[in-house]
Amino acid sequence: MNTQAFRSFLEERKFPQEQVNAFAAFAEKFASACEGGKSPVKTFPSFSARMIAENINTFDNYYAIALYGRFMKDNALLLAALELVDGGEALDNLYKKTGEVLGDARRDEIYEGVELVPLGTPNAQKPAAMQVMIERLERAEPHACKQILSSGLRDLPDEYYVGTKKKFEECMSIDEFLLRKKEDLIAELEQIQREGRLYFNQEITDEVIEYVRREPEIGQGVRVGNVIYETKIPHQAKEYLAETDEDKKRYYYCHCPWVKESLKAGRSDISPTFCNCSAAFHKRSWDVIYGQALQADVLETVLKGDLRCRFAIHLPEAVNQ
């Protein structure tokens with residue numbers, strides 16, 4: 001491993017020196033496990049299992065491997081590492097928020113005997129863990145279940161959306177803001193395609209860009225009065241567009257690591273109520289823009305058998321149209 005080159009790569013991205021040191025040290029540890037010509041992406045699953053066993057399965061350590069994959073231009077390794085931590089906080093947050101809403105005693109009663117899976121758990125094992133949690137909560141406290149999920153299970157601080165709020169404030173109207181969002185997304189996708197990078201975890205092709213361009217609800221949203229209708233971009237848009245089998249299309253569409261693998265063999269057994277968490281993700285920027293928690297409804301979801309996930313975000317009644 002060229003440690004100095006990797007350190008320079010990190011420093012160019014403005015990581016603090018302490019983080020550069022930690023990331024470089026852990027990347028070296030992983031690189032050592034790949035010595036002898038071993039494939040990094042094939043080595044990663046067993047290395048991750050060791051991380052869990054040794055209790056070093058932290059977000060920063062997985063992020064170090066993901067950054068190393070990007071540095072090496074090894075997209076397979078980058079994706080393998082990111083997939084294990086993307087949304088990894090959701091199950092813990094479900095447990096924590098259940099206690100906050102219902103009290104610790106009621107939470108412990110509902111989840112008695114359930115063990116939370118550790119960070120780094122393979123995605124194939126995640127749906128079973130989430131299914132048990134959602135089934136128990138929805139059966140015991142259906143109203144609270146929707147309330148908790150609608151608050152979101154991701155860690156998304158307001159600081160993530162400072163740029164989006166500034167962009168909104170620069171626009172003369174909501175509709176101008178929506179158009180600017182779309183223009184910025186298309187420009188971003190085109191740049192990612194030119195540079196051969198991934199958009200989160202997917203390859204961007206001409207067909208994907210054209211699909212996003214012609215779907216106004218993707219990356220933009222369509223306003224009808226005080227409601228914004230948004231549709232997710234597929235998780236694997238290239239594969240989604242090429243696929244004709246509807247079950248496989250649903251699998252390629254789904255973003256959620258706690259659900260996706262349950263769709264691989266067809267219909268999932270996870271309750272569609274869970275997708276209120278996804279609706280919360282989509283409304284989060286609007287929460288920050290208006291400084292209040294807004295309502296978002298799930299209109300379509302692959303968990304119900306739809307071929308897309310679509311949401312209605314309700315803006316405050318008094319907003320300037």
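Rings of Phe, Tyr and Trp, the last through its six-membered ring, are taken to pair if their centres lie within 6.5 Å. By this rule the predicted model holds 24 aromatic pairs.

**Aromatic pairs**

A pair of aromatic rings is described by the distance of the centres and the angle of the planes. Two of the pairs are set out below, with both quantities for each.

| Pair | Centre to centre | Angle between planes | Class |
|---|---|---|---|
| Phe15 and Phe23 | 5.5 Å | 85° | edge-to-face |
| Phe30 and Phe44 | 6.4 Å | 75° | edge-to-face |

The class of the Phe15 and Phe23 pair follows from its angle: planes over 60 degrees apart count as edge-to-face, and the planes of Phe15 and Phe23 stand at 85°, so this pair is edge-to-face. Phe15 is buried, with a relative accessible area of 16%, and Phe23 is likewise buried, at 2%.

The rings of Phe30 and Phe44 also form an edge-to-face pair. This pair links distant parts of the chain, since Phe30 lies in helix 2 and Phe44 in helix 3, 14 residues apart. The relative accessible area of Phe30 is 0%, and the residue is buried. Phe44 counts as buried too, at 2% relative accessibility. Phe30 and Phe44 both belong to one aromatic cluster, whose other members are Phe6, Phe9, Phe26, Phe47, Tyr62, Tyr68 and Phe71.

**The contact of helix 2 with helix 3**

Two packed helices are described by the angle between their axes and the distance between the axes. For helix 2 (residues 17-33) and helix 3 (residues 40-53), the axes come within 9 Å and cross at roughly 115°. The crossing of helix 2 past helix 3 is right-handed. From helix 2, the residues in contact are Phe26, Lys29, Phe30 and Ala33. They meet Pro40, Thr43, Phe44, Phe47, Arg50 and Met51 of helix 3. By class, this contact comprises seven nonpolar residues, one polar residue and two charged residues. Among the residues of the contact are Phe26, Phe30, Phe44 and Phe47, which are also listed in the aromatic cluster.

Helix 3 also contains Ser48, a buried residue with a relative accessible area of 3%. Apart from residues up to four places away in sequence, Ser48 touches Tyr62, Leu84 and Gly120.

Strands of a sheet pair through backbone hydrogen bonds, either parallel or antiparallel. In this model, four strands form an open sheet in the order 3-4-6-5, and the pairing is antiparallel. Strand 3 (222-224) and strand 5 are the edge strands, each pairing on one side only. From one strand to the next, the twist averages 25°.

**Individual residues**

Leu185 is located in helix 11 (residues 174-195). At 10% relative accessibility, Leu185 counts as buried. Leaving aside neighbours within four places in sequence, Leu185 is in contact with Tyr199, Val212, Ile218 and Gly219. Leu185 and Gln131 are 54 residues apart in sequence, and their C-alpha atoms are 33 Å apart in space.

Most residues other than glycine have a negative phi. Asn55, which is not a glycine, has a positive phi of about 60°. Asn55 is placed in the loop between helix 3 and helix 4 (59-71). With 63% relative accessibility, Asn55 counts as exposed. Lys73 also has a positive phi, near 60°. Its place is the loop between helix 4 and helix 5 (75-85), and Lys73 counts as exposed at 74% relative accessibility.

How values were computed
Residues are numbered from 1 along each chain as its sequence is written. This is a predicted model: local features need pLDDT of at least 70, side-chain atom pairs count only at pLDDT 80 or more; totals for chains, interfaces and linings use all residues. Side-chain values use heavy atoms; hydrogens and water are left out. Axes are lines fitted to C-alpha atoms, for helices over the stretch in contact, and angles run from 0 to 180 degrees between N-to-C directions. Helices (H or I, at least four residues) and strands (E, at least two) are DSSP runs, numbered from the N terminus. A crossing is left-handed if the near helix is turned anticlockwise from the far one by less than a right angle, and right-handed if clockwise. Contact means heavy atoms within 4.5 Å. Ala, Val, Leu, Ile, Met, Phe, Trp, Tyr, Cys and Pro count as nonpolar, Asp, Glu, Lys and Arg as charged, and the others, Gly among them, as polar. Rings of Phe, Tyr and Trp (its six-membered ring) pair if their centres lie within 6.5 Å; planes under 30 degrees apart count as stacked, over 60 as edge-to-face and the rest as tilted. Buried means under 20% relative accessible area, exposed over 50%, partly exposed in between (1.4 Å probe, protein chains only). Two strands pair if DSSP finds at least two bridges between them.
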